[in-house]
Amino acid sequence: MGGEEDQLKKIAAASYDYENDPRWADYWSNVLIPPHMGSRADVVDHFKRKFYKRYIDPDLVVEPMATSSSSQQAKPSAPPTTSSSTNSQPRAQSSDSSGRTSATPTPNPASLRWDRQTIQFSVNAWVIVMAALAIFPLSPTNLANRAYKLSFMGTACSTLYSLYALYGKPRAWNMQAMQVWLQTVIVTKDFICFIYCLIFLPSQLYLKFALIPVLCQCLEYVAKFLRSNFSRTTLYRRYFDEACVWVESNTSTLKILSSQAEIGLGILLILSLFSWQRNILQTFMYWQLLKLMYHAPATAGYHQSVWSKIGRLIIPLVHRYAPFLNKPISAAQKWWFR
């Protein structure tokens, strides 16, 4: 059980969105390593795990990095001392007087990153409010249904904006450029969530159960943003500190809950085919998305874990009580693993 939990923690660390966390940029800029090692993927992944252990999950086990050529251990640089800062001032003055070149102001990337994160935080917080209204049992039906739609709409806009900010747009609006762009983003968590919202947004079947993955993702982002930017405020410490700490320390639990809800939705959609609210196209598209979730690196670990538990529970019962289902299940497995 402990080994499975450690594996899930490693998967959560690997799928964490480091680029949207301003602490990662500061952490990585203070890491002293030789230039030829800074471009190696294994070195970057090692420091990402150390960052995840320090700021997100202290229980994550980070194995030491095995290097064949370097004997000097890379570590975050210490803050510059007073003597070094005072020595650098006359150098800057001398170079300015000798070069006679005026430096043009450049935009601060931190401010751009802050603006993008603030927009996404606002949208995700709004989605949490809408999802709470949709799930709240005392909400009027009309208000709950409208909030249900707005929750998916807000999440779709947030994930689409994140995809544009991280991967840009296709180089050209032709089939080849679109295919190259889709191959880049199709396995990302944002793209999967975007397609998830598009499947449920136009549907007339209001499954409040479908809001669980959306709510879990928004809670993770909002908690991370609040801890990064408002951890010293009195309002945060009084009302949000414990909740945000709990969310960030239980990201694996939330992801497991999301994967269970997503698989449960697939089963509910199959059962809905026998009712007057059936939607064959929606069910087919959602099971294609579940197949993508099973194979995509961002969600594969959690979905494979849930499916393996379902298989250990269902397959023996089928062999014992319904052996005629063996061939359909075998055909479904061939399609699933293809």
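## Stop 1: the largest nonpolar core

Select Y148, F152, Y196, F200, L207, A210 and Y286; of the 46 residues in the largest nonpolar core, these touch the most other members. Bear in mind that this is a predicted model.

α6 (109–135), α7 (141–167), α9 (189–200), α10 (211–229), α11 (234–249), α12 (251–272), α13 and α14 (300–321) each supply at least two of its residues. Which helix gives the most to this core? It is α10, with 9 residues.

Stay here and show the rings. Y148, F152, Y196, F200, Y206 and Y286 form one aromatic cluster.

Next, centre on Y148 and display its surroundings. Leave aside the neighbours within four places in sequence. Y148 is then in contact with A134, F200, L205, Y206, L207, K208, A210 and L211.

## Stop 2

Move to W24, Y27, F51 and Y52. They are included in a second, separate core of 19 residues.

Select helix α2, residues 22–29. Which of its residues are buried? They are R23, W24 and Y27. These three cover an arc of only 100° around the axis, so they sit on the same side of α2.

## Stop 3: aromatic pairs

The whole structure holds 19 aromatic pairs. Two are worth a visit.

Start with F51 and Y55. In general, an α-helix has 3.6 residues a turn, so residues three or four places apart point the same way. F51 is buried, at 0% relative accessibility. Y55 is partly exposed, at 27%.

Then jump to W287 and W336. This pair is edge-to-face, because the planes stand at 70°, with ring centres 6.0 Å apart. It links distant parts of the chain: W287 is in helix α13 (residues 280–295), W336 is in helix α15 (residues 326–336), and 49 residues separate them. Are these two tryptophans buried or exposed? W287 is buried, with a relative accessible area of 16%. W336 is also buried, at 9%.

## Stop 4: the cysteines

Show the cysteine sulfurs. How many disulfides does a search of the whole structure find? The count is 0.

Pick C216. It is in no disulfide, and the nearest cysteine sulfur, that of C218, is 9.5 Å away. C216 counts as buried, at 5% relative accessibility.

Now pick C218. The closest cysteine sulfur to its own is in C193, at 7.3 Å, too far for a bond. C218 is buried too, with a relative accessible area of 1%.

## Stop 5: the annotated spans

Finish with a record. The unreviewed UniProt entry carries the annotation "transmembrane region" for residues 121–138, 150–168 and 180–201.

Select residues 121–138. The chain there is 83% helix and 0% strand, and the end C-alpha atoms are 27 Å apart.

Then select residues 180–201. This span is 82% helix and 0% strand, and its end C-alpha atoms lie 27 Å apart.

Conventions:
Residues are numbered from 1 along each chain as its sequence is written. This is a predicted model: local features need pLDDT of at least 70, side-chain atom pairs count only at pLDDT 80 or more; totals for chains, interfaces and linings use all residues. Side-chain values use heavy atoms; hydrogens and water are left out. Buried means under 20% relative accessible area, exposed over 50%, partly exposed in between (1.4 Å probe, protein chains only). Helices (H or I, at least four residues) and strands (E, at least two) are DSSP runs, numbered from the N terminus. The arc is that of the directions from the helix axis to the C-beta atoms. A disulfide is a pair of cysteine sulfur atoms within 2.5 Å. Rings of Phe, Tyr and Trp (its six-membered ring) pair if their centres lie within 6.5 Å; planes under 30 degrees apart count as stacked, over 60 as edge-to-face and the rest as tilted. A nonpolar core is a set of buried Ala, Val, Leu, Ile, Met, Phe, Trp, Tyr and Cys residues joined through side-chain atoms within 4.5 Å. Contact means heavy atoms within 4.5 Å. UniProt positions are given in the numbering used here, feature names are shortened, and annotations may be inferred rather than shown by experiment.
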